[in-house]
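Reader: I am new to this structure and would be grateful for a close look at a single part, the contact between the two chains. Please describe in one connected account what each side contributes.

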Amino acid sequence: MEQIEPVERPLWNPYVAGAVLGLVLLASYLVMGFGLGASGATNRLAIGAAWCVAPHAVETNAYFAPYAGPGKKILDDWLVFEVLGVLLGGFLAAYSGGRLKLNVQKGPRIARTQRLLLAVLGGVLMGVAARLARGCASGQALTGGAALSVGSWIFMMMFFAGAYLFAPLLRKQWR
Amino acid sequence: MTFPLFGHDLFGGYTGYVVGTLVGIAFGFTLERGGFGSARILTAQFYLTNMRVLKVMFSAVATCAAGMALLAATGLLDLSLVTIPETFLGPQIVGGFLFGIGFIVSGYCPGTGVVATASGNVDALLTIGGMMGGSLLFGAFYGPIEKFYLSGAMGVLTLPGVLGVPSAVVAAGVVAMAIGAFIGAEKVEAIFCKKTGDPVPQANPKTRNAVFSGLGATVAVSLVFAFLPKAPPVATARPVDQIGAAALAEEVVTAPESFWLVDVRGEAVAAKDRIPGAIALPAGTKGDDLLAQLPAGRTLVLYGQKELTSLPKGAAKFPGKIALLRGGYEAFQAAYLVKPAPPAEATPVLVAEYRMRTALYQRFTGVRSVPEPVQIQIKSTAGAASAPKKGGGC
């Protein structure tokens, strides 16, 4: 009964974390024949939510039609299950690592509401960008990068370029 | 057995979902332990005070690339069965750039956003909501951007393919670049943390060097395997049986549903004459696709004009048993497609064989002919056969 507060476990050595992540990705390739992803699942969730509200509009949309419609199950996809696993795995790690707490991640010089607005705005930008590029940091940079895909390496370089170029503008949010 | 396992049709869709969930749990757990559940750690990469993003991501890419190169070089992984993201040049340049901006504005990417949400960060949950909104926005404005979205399509384009080298060479380059970037990143962190007063990120140098050595050793071994002289594929690639002309002829008649008989001499040659029931192999990738798509339940029997010394490319993808016809078409032709000559000597074995060959000849060629009577020379041996037996066994 000495210790009630959960002790925060230190993060893994970044190179070890990277190697383990690489092995998880390799396992996915060896078992399933394809790698990891994330934005594909949020895309399907979004289409599914929109379909519940306005099924006709979704089924007649040129981009959404392949996902929704008679006989098509929007959420019946490997990625949806994988991302549910990510949610569960992240929760287990945060809980066992003593980092599970209600929080808003921000620097000290920005108001909470401003930060939350930016979080949504950045999400919208990434949502559009991930559709355009056919993947996100997981599906393109990590998965395609490891498979040595040319487009994925271009995506990775452009991702770093965009973030570095706009980082000075957003210094107030983080530093 | 080679990887990927799913290529062997071992399990159905729902098993895939179980595997997907397990892989996801491992992915999410590792991301959190890697520090990717915190937007402040993630964005510190771009203020140069903590380059965890680069370190974790590049070690992951290097580890997986090196592992795949090793397994591909040793023949354990069939890269042609692995799904590799396709390249769309323009959309990925613009998409990557926009994504980078979205990352520094929101503090997350989709995967880390899910992990940060699971850690209790409200901003991450809102980012995921924003991403869903972005998806819908993209769909709503798909009409005007469709042309750009579909532009620059280059199919599956890989660095080894473009450079024309084995993947082990590119993987070695990636590992070398990553280690160089890590050493550079640690120097940059030290400089910028001094300026801002942030604590310099510490990583146990022993562990770090162990990871570097592991990566180096993996690519070194894959390079050795990639450049080892390869033995002829028939000898090493997989066990290939041989089947004789007689056994094949019997199979053709008695059990035609037990094998796929494929004529690899080309469609034009096979159109003139081939073993009955044989499929003529189309040239090029069409033929490779045909071989790869034949159901695996039967044995794949291949023959050329003479005995085959190597398998056609697509045969490697045929999942079932493979056999080669001994002596090729010529052996079969000589045995069953030309009219057999009666045996010189009329021993019961030779006569039976002659009758069988004649029957098969008729069957395979459609030529109706009774076997010519075998001339039986009766040597008169006086005495022995002179006295007819009387009576007989009752």
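Author: Chain A brings 113 residues to the contact and chain B brings 113 residues; two residues are in contact if their C-beta atoms, placed from the backbone, lie within 7 Å. On the side of chain A that touches chain B, the elements giving two or more residues are α1 (14–32), α2 (39–53), α4 (78–96), α5 (112–133), α6 (137–146) and α7 (150–166) of chain A. Helices are DSSP runs of H or I with at least four residues, and strands are runs of E with at least two, numbered from the N terminus. The largest share of this side, 19 residues, comes from α1(A). By type, the side of chain A that touches chain B holds 77 nonpolar, 29 polar and 7 charged residues. Here Ala, Val, Leu, Ile, Met, Phe, Trp, Tyr, Cys and Pro count as nonpolar, Asp, Glu, Lys and Arg as charged, and the others, Gly among them, as polar.

The model is predicted: local features need pLDDT of at least 70 and side-chain atom pairs count only at pLDDT 80 or more, while totals for chains, interfaces and linings use all residues. Residues are numbered from 1 along each chain as its sequence is written, and chains are lettered from A and ligands numbered from 1 in the order in which they are written.

As for chain A as a whole, it has 8 helices and 0 strands. Its C-alpha atoms fill a box of roughly 60 × 40 × 40 Å, taken along the principal axes. Among the contacts in chain A with a separation of 6 or more, 56% join residues 24 or more positions apart.
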